[in-house]
Amino acid sequence: MSLSVFDLFKIGIGPSSSHTVGPMKAALAFAQLLQESGPLSRVESVRVDLFGSLGATGEGHGTPKAIVLGLMGYAPESVDVAAVESLLQAVREQGSLSLLGQENIPFVLGSDLKLIGAESLPHHPNGMRFTARFGDGSLVEKDYYSIGGGFVLDGDEIEKSAPLESPVALARPFSTAVELLAQCREAGMSISSLMLENELAWREEAEVRRGLLEIWAVMDESIEQGCRNEGILPGGLDVPRRAGGLYQKLKDQPGSSAPDSLGMLDWVTLYAMAVNEQNAAGGRIVTAPTNGAAGIIPAVLKFFLDTCPDATDDDICRYLLTAGAIGILFKTNASISGAEVGCQGEVGSACSMAAAGLAEVLGASVPQVENAAEIAMEHNLGLTCDPIGGLVQVPCIERNAMASIKAISAARMSLRGDGEHFVSLDQVIATMRDTGRDMQDKYKETALGGLAVNVGHVPVANVEC
């Protein structure tokens with residue numbers, strides 16, 4: 001297995017890894033493809049069609065915004081979040097955009113970008129088709145698929161079942177939990193130590209460490225920003241941001257942060273909600289392993305740091321490496337895409353990853369870590385993806401808070417046992433994959449089922465950009 005922990009944890013912007021981060025990367029890749037084929041001055045127009053889940057919930061998830069930014073040359077990990085709205089406003093007013101920041105072309109939302117939710121491209125529900133017309137009348141057409149967690153494959157790659165992972169040879173390869181446990185047992189290593197050894201195939205140990213601490217710094221900053229911001233989340237549901245108010249209440253409540261106090265769980269709730277409110281508002285977050293589930297891994301890690309005063313940077317790295325190993329298993333053997341398997345693949349995977357990471361830094365054995373991951377996922381099986389109005393607000397924000405508490409419970413349950421358990425992590429991952437295949441499409445990030453329809457029709461503001 002040659003996926004890196006940094007493939008699972010990506011710095012980006014909200015509100016969705018599959019509907020914002022992935023499409024932005026696809027649009028940037030298409031614009032770069034045009035540049036490689038000749039001068040951009042040859043490009044007369046670009047048309048983008050969004051299919052399936054991207055078409056059904058693209059407005060609520062900010063997909064048109066992402067497409068425009070990508071075509072203009074911006075990447076999710078580096079775009080200035082504060083400048084996004086002014087960039088988009090200029091495109092709306094002028095009816096044009098600057099391709100890779102170099103060549104102006106006409107671009108009108110609604111005509112040059114279409115949301116076609118009733119149709120899907122083959123291979124995956126998150127399909128995009130880019131078409132460029134040149135001055136001589138010739139065309140270039142390219143399909144891309146956003147397959148979850150910010151991963152993108154083009155039409156050729158997905159048709160050939162191209163592997164996501166790098167071809168580099170790892171010191172301790174694994175593709176299943178059984179193999180992971182066997183590798184750890186053979187080497188006498190923890191999961192985090194084994195993952196670190198594998199990461200050395202790409203970068204020096206000091207670089208791995210710096211990268212992981214940077215990931216945590218962005219996660220922590222998203223918590224801090226979420227605790228400071230108030231107001232109404234964008235999109236038309238008029239959902240109020242609650243993290244800021246909750247932070248003030250908890251800060252003024254004596255004893256609420258004591259390690260043995262149930263009030264500590266209120267802080268975990270706050271941390272998860274703060275991150276996901278930032279995500280819903282289009283802020284800077286870390287895909288972990290998706291944007292819709294981005295609050296769980298940071299919330300559980302901050303809980304650990306709050307309750308363990310002797311925790312070090314090494315513990316942060318161990319937590320993220322262990323969580324990454326479990327995430328690789330889900331990405332390899334099932335899916336982390338809500339459009340493919342429902343929210344069990346997003347919140348469920350993140351809950352499992354967080355439980356494993358927490359168990360590791362609390363001193364669990366390798367079998368206990370695997371048990372923690374299994375417990376957390378087992379009790380998220382069948383979780384549907386039913387965002388009201390196609391926005392990652394209700395039930396997504398609270399769902400992250402609930403899953404964070406569940407991850408902590410799973411870790412503590414595993415630590416009370418000896419690592420022996422009836423259901424294996426591999427079996428749970430296979431069950432999640434099969435459940436996702438059997439799940440009706442209306443429960444897989446289309447906003448056509450569940451809470452998305454049973455709370456009644458809610459008009460959502462046009463958030464094309």
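In which loop does Leu 100 lie? Leu 100 is placed in the loop between β3 (96-99) and β4 (103-106), where strands (E, at least two residues) and helices (H or I, at least four residues) are DSSP runs numbered from the N terminus. The structure is a predicted model, in which local features need pLDDT of at least 70 and side-chain atom pairs count only at pLDDT 80 or more, while totals for chains, interfaces and linings use all residues. Residues are numbered from 1 along each chain as its sequence is written, and side-chain values use heavy atoms, with hydrogens and water left out.

Most residues other than glycine have a negative phi, and most peptide bonds are trans. Leu 100, although not a glycine, has a positive phi of about 55°. A cis peptide bond links Gly 14 to Pro 15, with omega near 10°, and Pro 15 belongs to the loop between β1 (10-13) and α2 (17-36). The peptide bond from Ala 288 to Pro 289 is also cis, with omega near -5°, and Pro 289 is found in the loop between β9 (284-287) and α12.

An open sheet is formed by five strands in the order β5-β2-β6-β7-β8, with mixed pairing; two strands are taken to pair if DSSP finds at least two bridges between them. The edge strands, each pairing on one side only, are β5 (113-116) and β8, and the twist averages 20° from one strand to the next. Strands β2 (residues 43-51) and β6 (residues 127-134) run antiparallel and are joined by seven bridges, with Val 48 standing opposite Phe 130 in β6. Helix α4 (residues 63-71) packs on the sheet, touching β2, β5 and β6, and its direction makes about 150° with that of β2; axes are lines fitted to C-alpha atoms, for helices over the stretch in contact, and angles run from 0 to 180 degrees between N-to-C directions. Contact means heavy atoms within 4.5 Å.

Elsewhere in the sheet, the antiparallel strands β7 (residues 139-148) and β8 (residues 151-154) are joined by four bridges, and Tyr 144 has Asp 154 as its bridge partner in β8. These strands, β7 and β8, form a hairpin with two residues between them, and Gly 149 in the turn has a positive phi of about 70°.

Among the helices, the axes of α12 (residues 296-307) and α13 (residues 313-333) come within 11 Å and cross at roughly 145°. The contact involves Ile 296, Ile 297, Val 300, Leu 301, Phe 304 and Leu 305 of α12, together with Asp 315, Ile 316, Tyr 319 and Leu 320 of α13. By class, the residues of this contact comprise nine nonpolar, no polar and one charged, where Ala, Val, Leu, Ile, Met, Phe, Trp, Tyr, Cys and Pro count as nonpolar, Asp, Glu, Lys and Arg as charged, and the others, Gly among them, as polar.

A search of the whole structure finds one cavity of 30 Å³ or more. On a 1 Å grid over the protein atoms alone, a cavity is a set of points where a 1.4 Å probe fits but cannot get out, and lining residues have an atom within 4 Å of a point. The largest cavity holds about 130 Å³ of space, a volume being the space filled by probe spheres set on the points, which are joined across faces, edges and corners. Its lining consists of 15 residues, of which Gly 292, Glu 346, Cys 385, Val 392 and Cys 396 lie nearest the centre of the cavity. Helix α17 (residues 396-415) gives the most to this lining, with three residues.

Technical notes. On a 1 Å grid over the protein atoms alone, a cavity is a set of points where a 1.4 Å probe fits but cannot get out, and a pocket is an open set with protein on both sides within 12 Å along at least five of seven lines; lining residues have an atom within 4 Å of a point.
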